[in-house]
Every structure is written in C-alpha cells, then in structure tokens.
Amino acid sequence: DYYDKRNYIIIALAPVVLWGIVLGIINAFVPEDWFWVVYLIQIANISGAAGDMYVTAKFSKMPKDILVTDNGVEMTVYSKESN
C-alpha cells in the first residue's frame with residue numbers, strides 16, 4: 001500500500017497516542033500502589049514508538065506530495081519534487 005504523508009504520520013503515531021490516553025486515564029484512577037506500574041508501561045509505550053517518532057520527524061521535513069510504502073523492514077518514499 002502507498003500512503004500520503006499525512007495519513008502515514010497518523011497511522012505511525014496512532015498507537016502511541018491511543019495507548020498514551022488509555023494509560024493516562026488508567027493511571028489517574030488506579031490506587032497509589034499501582035501508579036508506578038502503569039507509569040512504567042507508559043514509558044515502554046513511548047520507548048517502543050521511538051522509531052515512529054523519528055520517522056515522523058524526518059517525513060515532516062519532506063515535501064507534501066510524498067508517497068510512502070512500508071513493508072515492515074524498509075520504507076520507500078516517492079516524490080515528484082527532488083531534494
């Protein structure tokens with residue numbers, strides 16, 4: 001599949017944002033003894049998304065017309081404009 005820049009960024013960041021919200025809400029309501037457990041899960045969530053955040057930062061500097069294909073091992077980026 002080929003994704004435009006906006007949609008690829010949304011897809012890449014959706015898990016960290018969704019789980020960040022869920023874990024933040026859970027952390028607000030768990031007993032004090034469980035705060036650090038949920039907090040450490042949140043840190044793991046953010047750490048696991050480091051690559052997605054890096055790619056998002058790189059893609060945000062690229063032209064708007066890029067198309068991205070990602071097969072899990074490598075990504076290919078196409079653009080009409082040349083850098």
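Does N27 count as buried or exposed, and at what relative accessibility? At 15% relative accessibility, N27 counts as buried, because the cut-off for buried is under 20%. The legends below describe close-up views of a predicted model.

View 1. N27 is a residue of helix α1. Leaving aside residues up to four places away in sequence, N27 touches W34, F35, V38 and Y39. With a relative accessibility of 15%, N27 falls in the buried class.

**View 2. Packing of helix α1 against helix α2.** Two packed helices are described by the angle between their axes and the distance between the axes. Helix α1 covers residues 5-29 and helix α2 covers residues 35-48; their axes lie 10 Å apart, at an angle of about 170°. Helix α1 is therefore roughly antiparallel to α2, since angles over 145 degrees are classed that way. On the α1 side, the contact is made by P15, V16, W19, G20, L23, G24, I26 and N27. On the α2 side, F35, V38, Y39, I41, Q42, N45 and I46 take part. Sorted by class, the contact of α1 with α2 has 10 nonpolar residues, 5 polar residues and no charged ones.

**View 3. T56 in helix α3.** Helix α3 spans residues 50-60 and includes T56. T56 counts as buried, because its relative accessibility is 14% and the class requires a value under 20%. A polar atom of the T56 side chain lies 2.8 Å from the backbone oxygen of D52. Not counting residues up to four places away in sequence, T56 touches I9, A12 and L13.

**View 4. A57 and I9.** A57 is also found in helix α3. The relative accessible area of A57 is 38%, so A57 is partly exposed. In sequence, A57 and I9 are 48 residues apart. In space, the C-alpha to C-alpha distance between A57 and I9 is 9.3 Å.

View 5. Strands of a sheet pair through backbone hydrogen bonds, either parallel or antiparallel. Here 3 strands form an open sheet in the order β1-β2-β3, with antiparallel pairing. Strands β1 (3-4) and β3 (75-78) stand at the edges; each has a single partner strand, so one side of each is left without a neighbour in the sheet.

**View 6. Pairing of strand β2 with β3.** Strand β2 consists of residues 67-70 and is joined to β3 by 4 bridges. The two strands run antiparallel. The bridge partner of D70 is M75 in β3.

How values were computed: Residues numbered from 1 in each chain as written. Predicted model: local features only at pLDDT ≥ 70, side-chain atom pairs only at ≥ 80, totals over all residues. Heavy atoms only, no water. Axes fitted to C-alpha atoms, helices over the stretch in contact; angles between N-to-C directions. Parallel < 35°, antiparallel > 145°, perpendicular 65-115°, else oblique. Contact = heavy atoms within 4.5 Å. Nonpolar A, V, L, I, M, F, W, Y, C, P; charged D, E, K, R; others polar. Buried < 20%, exposed > 50% of the residue type's maximum accessible area, 1.4 Å probe, protein only. Polar contact = N/O pair within 3.5 Å; in protein donor to acceptor, adjacent residues only side chain to side chain. Pairing = 2+ DSSP bridges.
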